[in-house]
Amino acid sequence: MEYVQERPYRFRVDQRDGMRAPGVVFASPGLLRDAEKSLEQVVNVASLPGIVGASYAMPDIHWGYGFPIGGVAATDVAEGGVISPGGVGFDISCGVRLLTADDGARSLAPVLPAVMDGLGAAIPRGAGPGGVWKLGRAELEALLDGGSRYAVGRGHGVERDLSRCEDGGAVADADVEQVSERARERGLAQVGSLGSANHFLEVQQVAEVYDEDVAAAFGLARDQVCVMIHCGSRGLGHQICTDHVRAMDAAMARYGIQVPDRLLACTPADSPEGRAYLGAMAAAANYGRANRQLLAEAARRVFRRETGGGLTLVYDVSHNLAKIEEHAVDGGGPRRLCVHRKGATRAFPPGHPELPEDLRDVGQPVLIPGTMGTASYVLAGVARGDAFHSTCHGAGRSLSRHQAARTIGGKELRARLEAEGIAVRPLSPRSLAEETPEAYKDVDEVVEASEGAGLCRKVARLVPLGVVKG
DNA sequence: ATGTAC
């Protein structure tokens, strides 16, 4: 695949046959070299009807279903622009929630083992059913409609949790009718559960602060203990993606749409199929937030019991979502765009009206989960931004699970992490080995490239003290 | 990511 460097950390794939826009990849030369195969997917996305600007990829780009993970694409709704479930991914509304503890790392140290044991017992994880909130069918419908807002209304959290959650805890346009019976069935038993693979709950310590003022506005200071929760919408989101890819695949021909990859199935955003998916996707988005809200409550109970202290929400943001947003394109006026972010995080700039009032001057918190045993980051949206105000989402895999498990045994890895001072509460040795840090790209390099490309700025670096994994 | 292939 041919590409040219436009400036540091920004590469362009020129528009050619079948492409409706160029491709733009933000990366260091090293990260781009590792991701060359995924450029095919950047090019495929550029063929989507109604695409504006470019088919973008973040520095953590890697191979996904249809869209690359790390892909961002916006289509013009009024011009027949499409929505593609593959541009969101199977784990709809996968995202990150960060909370701060009342105590610093030093005072936590003596009780950390008890905290980790408590979290290990309290956090449902792994494949299949299991969740902290057993609810009925009518309650699930209300949760799909109301997200975190419904969970808090039912006593699972405090009002402030909503002001620090993307969209105030719930997106408004969920359409529960578009969530299939099978998706509901799978979702019923999983509210308040981590899932598996790279999802985790970590107790972390702020190791470095890059911007004191912004960190203070986010409630972060050096040595502060935090809890980071990384999970999504479990089987419910997965089933919704499956259902709607199938429906769009069948309907596409009627709209005269052809795509180079079946998993790029799409229809106009403003069509019955497009609206159906967007409504179901919004319901899954609300499920994902409520899921993280319930897990935060479970962690709070453990912290209260073992430390006497609480956990305060910094922010909750998704990195797998499509949204209808207004953006100026090519120097023109604002247009209504369907912005797909798949493994990419929205990063609203300072002054954006959708930010909570107490964060409006500093920009949106962007939460980047690292790999078990490595660092995580807190970033902030910047005034100029790019790619419709998007940035990276994490490290991104470089080895398959099978390859990863061949490099080290679970028991050996656990011993290594514990020797590094990281308490580990895995579900099984095998699942741990599949997530060994060597299986992922260097999150420091990804964040460096994201900042270098002008997509965000660094606020703080967090290192793990303890990790709970599926 | 995922009742890790209907």
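Colleague: Where does His319 sit?

Modeller: His319 is in the loop between strand E11 (311-318) and strand E12 (320-328). Keep in mind that this is a predicted model.

Colleague: Buried or exposed, that His319?

Modeller: Buried: its relative accessibility is 2%, and the cut-off for buried is under 20%.

Colleague: And what does His319 touch?

Modeller: Leaving out residues up to four places away in sequence, His319 touches Cys94, Gly95, Val96, His230, Arg341, Lys342, Gly343, Ala344, Thr345, Pro369 and His393.

Colleague: Which positions does UniProt give for "binding site"?

Modeller: The UniProt record, an unreviewed entry, puts that feature at His230 and His319. They span 90 residues in sequence, yet no two of their C-alpha atoms are more than 10.3 Å apart, so they gather at one spot.

Colleague: OK, so which element holds His230?

Modeller: His230 is part of strand E9 (residues 224-231). At 3% relative accessibility, His230 counts as buried.

Colleague: What are the contacts of His230?

Modeller: Again not counting residues up to four places away in sequence, His230 touches Cys94, Gly95, Val96, Leu194, Asn198, His199, Phe200, His319 and Pro369.

Colleague: Switching to helices. Which residues of H7 are buried?

Modeller: In helix H7 (residues 181-188), those are Ala183, Arg184, Gly187 and Leu188. They cover an arc of only 135° around the axis, which puts them on the same side of H7.

Colleague: What do the buried residues of H7 pack against?

Modeller: Three helices: H5 (137-153), H9 (234-251) and H10 (272-307).

Colleague: Let's take H7 and H9. At what angle do they pack?

Modeller: The angle is about 165°, and the axes of H7 and H9 are 7 Å apart. That makes H7 roughly antiparallel to H9, as the cut-off is over 145 degrees. On the H7 side, the contact is made by Arg182, Ala183, Arg184, Arg186 and Gly187. H9 brings in Gly235, Leu236, His238, Gln239, Ile240 and Asp243.

Colleague: Left-handed or right-handed, the crossing of H7 and H9?

Modeller: H7 and H9 cross right-handed.

Colleague: And how do H5 and H10 cross?

Modeller: Their axes come within 8 Å and cross at roughly 45°. H5 and H10 are therefore oblique to each other, and their crossing is left-handed.

Colleague: Which residues meet there, between H5 and H10?

Modeller: From H5 you get Leu140, Leu143, Leu144, Asp145, Gly146, Gly147, Ser148, Ala151 and Val152. Their partners in H10 are Ala282, Ala283, Asn286, Tyr287, Arg289, Ala290, Gln293 and Leu294.

Colleague: Where is Tyr9 found?

Modeller: In the loop between strand E1 (4-7) and strand E2 (10-13). At 28% relative accessibility, Tyr9 counts as partly exposed.

Colleague: Last one: what about Ala419, buried or exposed?

Modeller: Exposed, at 70% relative accessibility. Ala419 lies in helix H12 (residues 410-419).

Definitions and conventions: Residues numbered from 1 in each chain as written. Chains lettered and ligands numbered in written order. Predicted model: local features only at pLDDT ≥ 70, side-chain atom pairs only at ≥ 80, totals over all residues. Heavy atoms only, no water. Buried < 20%, exposed > 50% of the residue type's maximum accessible area, 1.4 Å probe, protein only. Helix = DSSP H or I, 4+ residues; strand = E, 2+ residues; numbered from the N terminus. Arc of directions from axis to C-beta. Contact = heavy atoms within 4.5 Å. UniProt positions renumbered as here; feature names shortened; annotations may be inferred. Axes fitted to C-alpha atoms, helices over the stretch in contact; angles between N-to-C directions. Parallel < 35°, antiparallel > 145°, perpendicular 65-115°, else oblique. Left-handed = near helix turned anticlockwise from the far one by under 90°.
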